[in-house]
Amino acid sequence: MAFLELKGVEKHFGAVHAIKGIDLAIEKGEFVVFVGPSGCGKSTLLRMIAGLEPIDGGSLWLDGREITRLASSKRDLAMVFQSYALYPHMSVADNMSFALRLANVDKAVIKEKVQRAAEILNLTRYLERTPRELSGGQRQRVAIGRAIVRAPKVFLFDEPLSNLDAALRGQTRLEIAKLHRELGATTIYVTHDQVEAMTMADRVVVLRDGAIEQVGSPLQLYDRPANRFVAQFIGTPQMNVIATEQLPTLAGIVGASGVLDGFIGVRPEHVVVHPAGRGRLPAQVDVIESLGADTLIYANTRGNGHGGVTLIARQNTRTDLKVGDEVGLDVLPASFHVFDRQGHVVAPAH
Amino acid sequence: MKHFGLIVRSAAAWVVTLLIVFPLIWLVLTAFKTEQQAIAVPPQLFFTPTLESFAEVNLRSDYLLHAGNSVVTSFLSTLLGLAIAAPAAYSMAFFRTKRTRDILMWMLSTKMMPAVGALVPVYVIAQTAGMLDTLTGLTFVFTLSNLPIMVWMLYSGFKDIPPDILEAARMDGANVWGEFLHVIRPLAMGTLASTGLLCLVLSWNEAFWSLNLSSAKAGTLATLIASYSSPEGLFWAKLSAASLMAIAPIVVIGWFSQKQLVQGLTFGAVK
Amino acid sequence: MSDAELSVAAPLRGGDTSTGATREGTAVSRLLPRALMAPAVITLFLWMIVPLVMTLYFSAVRYNLMQPGDKEFVGLANFEYFVTDPDFGPSVLNTLLLLGSVIAITVVLGVGLALLVNEPFPGRGIVRVLLISPFFVMPTANALLWKHMMMNPVYGVLAQVSIFFGTTPVDWLTDHPLFSVILMVAWQWLPFACLIFITSLQSLDRDQMEAAGMDGANALQKFWFLTLPHLGRPIAVVIMIEMIFLMSVFAEIFTTTGGGPGNESTNVAFLIFKQALMNFDVGVASAGALFAVVLANIAAVFLIRMIGKNLD
């Protein structure tokens, strides 16, 4: 059995079926990210694992023991809350040592553990301060420190970076990843940001409407999405997804003409922009976004009376093209995804 | 230009304030006068202050009694009120059910009935039970009067504790009692204090029930002051001294807790 | 937010802890809350029901405290008696005048004062502290302060001031009893209204003011179109709270005018008191009390609705 296992976990809020039969096995030391749009149930699932929400159906297992009905205080899990949830009336040191004090751990041991955690997180200078006197980034580190000190079986992070400004977010992302490497602790991390998912995870769990869409390593999800939702959720800019009838030429190119009511997916970096005349899809440039290292070209395949389809192409060289220019688009061989009417992938990309 | 506006505004604010507060200032001055100075025509702004009026008031055989009664009834009703209101507010804040809101509204509505509506029955009950002119009777009535407001204020204060801090405590291994002891109690101290202060103020100033349910034995300072309504001889300085001693502690308390007190009295309807 | 929505939204805020599945022992979460609430609920229930039932009973019988033996059922006779009392009409009128005047004075002056002290100026802290003081003076001290030191027609401050300006001093309590009471009560409640308005003004949106200024609004227009609507809700609350508490104005009348001269300063509360504890006619007093309770209920209904909206 895996270290942390969910078997058929269910949750209802009144009439709403919020979590629909989740099965998941997490190995010891893994960094697993729950990602998905708002309302997909990722936070709820995390809280169910933490014991802050009751589990209505199914079972939860940790290190061989069933903990489905066990109180949060007894699960040996630590959670870093989105709002940090620091105890406002306690100093940083007391915040971090609270759990150990409750467990009546020897004072000298507590002191040593708090010191060590504070060093790792650069908090030694702030140990006697109260949360009110700290900045957002410092408070977040205290929240992490509170979890580290306990050396729990699993770390749970609930969107920890969403309250930080952009610069701090990037930096803290690195620190959390580094921390995981050093401590090797099993971690479940919830976020709505797919960049965090891609960069930090050993495995990513994509959730939608209370069910798992796909589980896999970040690159697995990127290269071989199981359905249209995952394909469009992972990757910036979003994958180009076009209905087969809308662009029969493209359907022909990728060999999907036989698929009725299907969709074709091509990532922007697999769309090549040729001068007009070359390339199998004639199009006109609508928008050019020059980001410096990358250039995004939005081109529309005018045709057949109706509006045509806009494809995004991405290249890492600058372009001389201008808005309105005629171009010819093409797709790299074996770089496309075909989805059926329900969105499931039909033909693998490679 | 801006400076000029500031000066005008400041002057206006100060003048208006001093006008409004003037009666109190006059009270304070008169307390330190002799009776002759108190009724002097034209009124004296400058005089040598004396404590003789305070001394005379204190000599009154019933002054200490009434002062003691005020202290006892205020403090006891506050403690009793907290003992009853705090658990209820705690339950409503942390064990919320579908009926919690209705119950809270109902409790507030009991405060909205005019005291005079209950005067007759309460008087009759007090008379039958032999509780007229007793500290016990007064304390009970004060407690009941203030209970709705206390429940309300404590409830608001408890609700202000962020729920995720309690969850963090749970994750850290605290059981229900641990949550209360380590998180709720320290964070709710402020609310308990200001609610207690409010009850103290309301009970101390309580005049309706004091005047109707008590007289010589259990009367509070409110009734004592009322006895200066038309005594014989010169009494203004003594009245001022007695009033000053009676109102000073409460006014000072009011200075320090204005926001919370008014919050309590408007049932939180104004943010 | 309806309670159905509350129980769905609550998990996201962690507020719904009543299910007990993850707490030790589901028994705890059933019995404990009920036990905690019991004392408050029971005492308030008794405090509400017992006087009400007794008042209903008394209002329908003839009961005089001096003759406690006989209590014959008289139906609506007490109500008739109370309502046809020559003092009844004037007392209702006085009550309405008292309520209306005090509310008007406190709201208008309260808004003015709040605006005056809202912006910073030297000594603002002290000014605010001074302004709140009259509210904490006990009603009897308040009443006598005015009756003697201020309003005495010979030695009082107001009299001295009129002499200074060459006019004859007014004998306030004899010639204008109701107005005197109004003045005392308004003086006491003005700080209350003022503090509420100050609190509310602090949440006024600065950006909105600046936008209005850029749109060409002057100070008066800003007040009329932005500030006043913002104060609409607190003003309503002040009016309702004062309506409820001012219905029972008693101590001031008791210690100063005794309802007189005649019935000129008697309000409904004092009239009930007179019946009960001066005429000892409990039956009639109870009838009157029911009348007062109905009046107060009307104001209370509105206030409860307004608080209920703010409750979550």
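Guide: Let us begin with the word domain: the bounds of a domain come from an automatic or database domain assignment. The model before you is predicted.

Visitor: How do you know where the domains of chain B lie?

Guide: The assignment divides chain B into domain 1, made of 1–61 + 229–246, and domain 2, covering 64–227. Taken over C-alpha atoms, the centres of domain 1 of chain B and domain 2 of chain B are separated by 33 Å.

Visitor: What makes residues of these two domains of chain B count as being in contact?

Guide: Two residues are in contact if their C-beta atoms, placed from the backbone, lie within 7 Å. By that test, four residues from domain 1 of chain B and five residues from domain 2 of chain B take part. On the side of domain 1 of chain B that touches domain 2 of chain B, two residues are nonpolar, two are polar and none is charged.

Visitor: Why is a residue of chain B called buried, and what percentage of chain B counts as such?

Guide: A residue is buried if 20 or more other C-beta atoms lie within 10 Å of its own. Of the 271 residues of chain B, 54% count as buried.

Visitor: What makes up the pattern of chain B along the sequence?

Guide: Read along the sequence, the pattern is α-α-α-α-α-α-α-α-α-α-α-α-α. The C-alpha trace of chain B spans about 75 × 70 × 30 Å along its principal axes. Among contacts in chain B between residues at least 6 apart in sequence, 79% join residues at least 24 apart.

Visitor: How many residues of chain C are in contact with chain B, and which helix of chain C gives the most?

Guide: The contact takes 92 residues of chain C and 89 residues of chain B. Helix α2 (residues 26–59) of chain C gives the most to that side of chain C, with 18 residues. By class, the side of chain C that touches chain B has 67 nonpolar, 20 polar and five charged residues.

Visitor: Where do the domains of chain A lie?

Guide: In chain A, domain 1 is 4–228 and domain 2 is 237–347. Their centres, over C-alpha atoms, are separated by 39 Å. Four residues of domain 1 of chain A are in contact with eight residues of domain 2 of chain A.

Conventions. Residues are numbered from 1 along each chain as its sequence is written. Chains are lettered from A and ligands numbered from 1 in the order in which they are written. This is a predicted model: local features need pLDDT of at least 70, side-chain atom pairs count only at pLDDT 80 or more; totals for chains, interfaces and linings use all residues. Helices (H or I, at least four residues) and strands (E, at least two) are DSSP runs, numbered from the N terminus. Ala, Val, Leu, Ile, Met, Phe, Trp, Tyr, Cys and Pro count as nonpolar, Asp, Glu, Lys and Arg as charged, and the others, Gly among them, as polar. A residue is buried if 20 or more other C-beta atoms lie within 10 Å of its own, exposed if 12 or fewer, and partly exposed in between; C-beta atoms are placed from the backbone.
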